[in-house]
Amino acid sequence: MIGRITEPIPALLEGTTILRKGHYSHRIDDRVFANASKEFSGLCSAYNDMARDLQREQALRLQAEEEMRRTNEQLRHLSFSDSLTAAFLMIC
């Protein structure tokens, strides 16, 4: 009985440490909780759902940052051109 309570704790602690470091692809293997109490099984599932959501949010953030970088590059290029004469301005 005690094992059903104490065995999952190191896996959860390790998982949260890994997740905190930004490794959002980490998941706790369901086999770790095969013999655990119902509460720990639910906690494992919640952890994995949270990690999946964080991984998705990180991917969206990285995509938005890349899009913003490209847009800023276009704006920088436009700031050096004269739309009336189509001349490229040389600013020293």
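Visitor: In what do the side chains of Glu 73 and Arg 76 meet?

Guide: Side chains of opposite charge can pair when their charged atoms come close. Here, Glu 73 and Arg 76 meet in a salt bridge, 3.0 Å from N to O. The term requires a side-chain nitrogen of Lys or Arg within 4 Å of a carboxyl oxygen of Asp or Glu. Both residues lie in helix H3, three residues apart, about one turn of the helix. Helices are DSSP runs of H or I with at least four residues, numbered from the N terminus.

This is a predicted model, in which local features need pLDDT of at least 70, side-chain atom pairs count only at pLDDT 80 or more, and totals for chains, interfaces and linings use all residues. Residues are numbered from 1 along each chain as its sequence is written, and side-chain values use heavy atoms, leaving out hydrogens and water.

Visitor: How many salt bridges does the structure hold?

Guide: Seven. One of them joins Arg 61 to Glu 65, with the closest N and O atoms 2.7 Å apart. These two also lie in H3, four residues apart. Another pairs Arg 31 with Asp 29 at 2.4 Å, N to O. Arg 31 is exposed at 67%, while Asp 29 is partly exposed at 33%. Glu 66, Arg 69 and Arg 70 are linked in a network of salt bridges.

Visitor: Now helix H2. Which of its residues are buried?

Guide: Pro 8, Ala 11, Leu 12, Gly 15 and Leu 19. They lie on the same side of H2, because they cover an arc of only 95° around the axis. That arc is taken from the directions from the helix axis to the C-beta atoms. On the other side, Pro 10, Leu 13 and Arg 20 are exposed. Just after H2, Gly 22 takes a positive phi of about 95°.

Visitor: Which residues make up the largest nonpolar core?

Guide: In soluble globular proteins, nonpolar side chains tend to be buried together. A nonpolar core is a set of buried Ala, Val, Leu, Ile, Met, Phe, Trp, Tyr and Cys residues joined through side-chain atoms within 4.5 Å. Here the largest has 10 residues, among them Leu 12, Leu 19, Phe 33, Phe 40 and Tyr 47. H2 and H3 each supply at least two. The largest share, four residues, comes from H3.

Technical notes
Buried < 20%, exposed > 50% of the residue type's maximum accessible area, 1.4 Å probe, protein only.
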